[in-house]
Amino acid sequence: ENSSGLFLIEHKVYEQKITAIARELSDLIENANAIIFGVDRNLYVNEWNKNTIVATGYAKKEVIGKKIAGFLVEKNQREKFRAMLQDVLGGGVLSL
């Protein structure tokens, strides 16, 4: 009996399922009707969805890998971001 071959097949199926779940979650975050961004423990941006682009004016490629405080706390963006965030938190919807 070739148990190592069976293990490899099961492992490959498991990897494919995990990859599919990761892709679905990524699509959900990207297309969610909400402002969603992620940062690592050092506050470097690692996720930035479409509504976050609308709310901040920053493209994803501009912010990934950058420290969030370096651009979201700029004076000329604070009020716009805060107003949009308050609107969304109050049940409002951002239209793209």
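## A buried glutamate and its salt bridges

Glu-47 counts as buried, with a relative accessibility of 19%, where buried means under 20% relative accessible area, exposed means over 50%, and partly exposed lies in between, as computed with a 1.4 Å probe on protein chains only. Glu-47 forms a salt bridge with Lys-60, and the closest N and O atoms of this pair are 3.4 Å apart; a salt bridge is taken here as a side-chain nitrogen of Lys or Arg within 4 Å of a carboxyl oxygen of Asp or Glu. Because Lys-60 lies in helix 3 and Glu-47 in strand 2, the pair ties together parts that are 13 residues apart in sequence.

The count of salt bridges comes to 2, and the other one joins Glu-30 to Lys-60, with the closest N and O atoms 3.6 Å apart. This pair links distant parts of the chain, since Glu-30 belongs to helix 1 (residues 3-31) and Lys-60 to helix 3 (residues 60-63), 30 residues apart. Lys-60 itself is partly exposed, at a relative accessible area of 32%. Through shared partners, the salt bridges join Glu-30, Glu-47 and Lys-60 into one network.

## Basis of the model

The model is predicted, so that local features need pLDDT of at least 70 and side-chain atom pairs count only at pLDDT 80 or more, whereas totals for chains, interfaces and linings use all residues. Residues are numbered from 1 along each chain as its sequence is written, and side-chain values use heavy atoms, with hydrogens and water left out.

## Overall architecture

The protein chain contains 5 helices and 2 strands, which follow the pattern α-β-β-α-α-α-α when read along the sequence; helices (H or I, at least four residues) and strands (E, at least two) are DSSP runs, numbered from the N terminus. Of the 96 residues in the protein chain, 21% are buried. The chain exposes about 7,100 Å², of which carbon and sulfur atoms supply 58%, the areas coming from the Shrake-Rupley method with a 1.4 Å probe.

Among contacts between residues at least 6 apart in sequence, 28% join residues at least 24 apart, a contact meaning heavy atoms within 4.5 Å.

## Hairpin and aromatic pair

Strand 1 and strand 2 pair in the antiparallel sense over 3 bridges, pairing being assigned if DSSP finds at least two bridges between two strands. The two strands form a hairpin with 5 residues between them, and Leu-43 in the turn has a positive phi of about 70°. The bridge partner of Phe-37 in strand 2 is Trp-48.

A search of the whole structure finds 1 aromatic pair. Phe-37 and Trp-48 form this pair, which is tilted, at 5.6 Å centre to centre and 50° between the planes; rings of Phe, Tyr and Trp (its six-membered ring) pair if their centres lie within 6.5 Å, with planes under 30 degrees apart counted as stacked, over 60 as edge-to-face and the rest as tilted. Phe-37 is partly exposed at 33% relative accessibility, whereas Trp-48 is buried at 0%.

## Nonpolar core

Trp-48 also belongs to the largest nonpolar core, whose 7 residues are Val-45, Trp-48, Tyr-58, Val-63, Ile-68, Phe-71 and Leu-72. Strand 2 and helix 4 (69-72) are the elements that give two or more residues to this core. Such a core is a set of buried Ala, Val, Leu, Ile, Met, Phe, Trp, Tyr and Cys residues joined through side-chain atoms within 4.5 Å.
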